[in-house]
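Biologist: I have some questions about the terms used for this model. Let us take them one by one.

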Amino acid sequence: METELDRGAMDRDWRRYSLATRAVRAGQYQDVSDQHSEPLVLTSSYVFSDAEDAAEKFAGRRPGNVYVRFTNPTVRAFEQRVAAMEGTGDAVATSSGMACYMTVALALLHPGDHVILAEGMFGTTSRLFNTYLRNFGVAATFINVNAGRDEWISLVQSNTKLIVVESPTNPMMQVADIRDLSSIARENGILLVVDNTLCTPVYQRPHELGANLIVHSAGKYIDGQGRCGGGIIAGREGLVAQLRDVLRTVGPSLSPYNAWLFLKSLETLPIRMQEHTRNASTLAGWLMRHPAVDKIYYTGVRDHPQSELIASQQSGHGGLLSFRIRGGRREAWRFLDALKLISNTTNIRDTKTMITHPATTTHGRLSAAERGSAGVSDNLLRISIGFEDPDDLVLDLEQAFQAAMKRSA
Ligand SMILES: Cc1ncc(COP(=O)(O)O)c(C=O)c1O
């Protein structure tokens, strides 16, 4: 639903401006107090000028705010800023990243439909499609994100409605060929959904590569300071309108307070992504040379098997990497327990460096076979590099490696 704010904000063609400018300016609005920083608007309902005004706004025939579940100026500003940064016509905010997937499914899928997903997506995303949506008669087929074009095409059925990928995947850092998948989707009348949580529009703009819907778990890099949860889906206006109707009817809406935090955080996103990348690259180089590390997974390493594809669709890498410690679950857990500075927590992309053992946390509800095909082995650790001095991180990691290896010797 268009609000009064849309008229001002959408007048500007953000494509003329660089991403850094869009990050601080798009979706900017003022209320009657002429403030410069966007205000946090806290109100559940809005006053109508007369009965006709209420009827027109409820019916969507007149722009304006109606009720907090589906209209709030702060949430709207956040949506407009993300749409401008992703280069899409519109965006709709939700209460979490998972609520994005639920909203997409309720809007676009029916019993008897089929969805193709990349293996190795965030564990809960795989579980949503494999359990709850299956119970409603939606079939899901999983495929390795690196599979060749012919293999992807061979999975397309007459009832296939969506292709859903995460690029890069969390935690294995595999990359989907977004251009190629979008051409398969287009040729077969399917929509391509890309989870862009890891790269953010700073490093990857899937819509420009042909994706139809772009999903974010906004509590990751968009917030960037580990404060709150939320989600956002960007896409062309007509498609987003369908999703917004689900939001209005079902109610997984974003809190205006969280939207305000996200809106302000977007202003520093381009700068923060550079710092995450710089620190993660330093740590990736150090881990690659470490004798207690079997293998490292980071899109920024030169020997990543998909480095050409990465260079063609990402302009940077961010702070998330995974590695396999020599040994198994015992060594991984000992390593985790010996860390003194780095936090053992499952969120990612914070100013603070965080580590997790995916096999027993984020991917713990998957079957052993599902974890196997996702590459989530017992010796895998995922680390999200923050803004501490990399020298301090190296000291912490080194003493933890020594503790883990000493006891397994
Ligand atoms: C790539 C990715 N997509 C989606 C989600 C789900 O988001 P949320 O936790 O906000 O529901 C996550 C959560 O970690 C994620 O990493």
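Modeller: Surface first. Accessible area here comes from the Shrake-Rupley method with a 1.4 Å probe. This is a predicted model, and its accessible surface comes to about 16900 Å². Carbon and sulfur atoms hold 51% of that area.

Biologist: What makes the protein as compact as a globular protein of its length?

Modeller: Start with the elements: 16 helices and twelve strands. The radius of gyration is 22 Å, and the globule rule gives 22 Å for 409 residues, so the protein is as compact as a globular protein of that length. The C-alpha atoms fill a box of roughly 80 × 50 × 35 Å along the principal axes.

Biologist: What share of the residues is called buried?

Modeller: The cut-off is under 20% relative accessible area. Of the 409 residues, 57% are buried.

Biologist: How many of the contacts between residues at least 6 apart join residues at least 24 apart?

Modeller: A contact needs heavy atoms within 4.5 Å. Of those contacts, 75% join residues at least 24 apart in sequence.

Biologist: How do you know that strand 8 pairs with strand 9?

Modeller: Pairing takes at least two bridges. Strands 8 and 9 share four and run antiparallel. Val 293, for one, has Ile 325 in strand 9 as its bridge partner.

Biologist: Why are strand 8 and strand 10 called edges?

Modeller: The open sheet has five strands, in the order 8-9-12-11-10, with mixed pairing. Strand 8 (293–297) and strand 10 (343–344) each have a single partner strand, so one side of each has no neighbour in the sheet.

Note on methods: Residues numbered from 1 in each chain as written. Predicted model: local features only at pLDDT ≥ 70, side-chain atom pairs only at ≥ 80, totals over all residues. Heavy atoms only, no water. Helix = DSSP H or I, 4+ residues; strand = E, 2+ residues; numbered from the N terminus. Rg over C-alpha atoms; globule rule 2.2 N^0.38 Å. Buried < 20%, exposed > 50% of the residue type's maximum accessible area, 1.4 Å probe, protein only.
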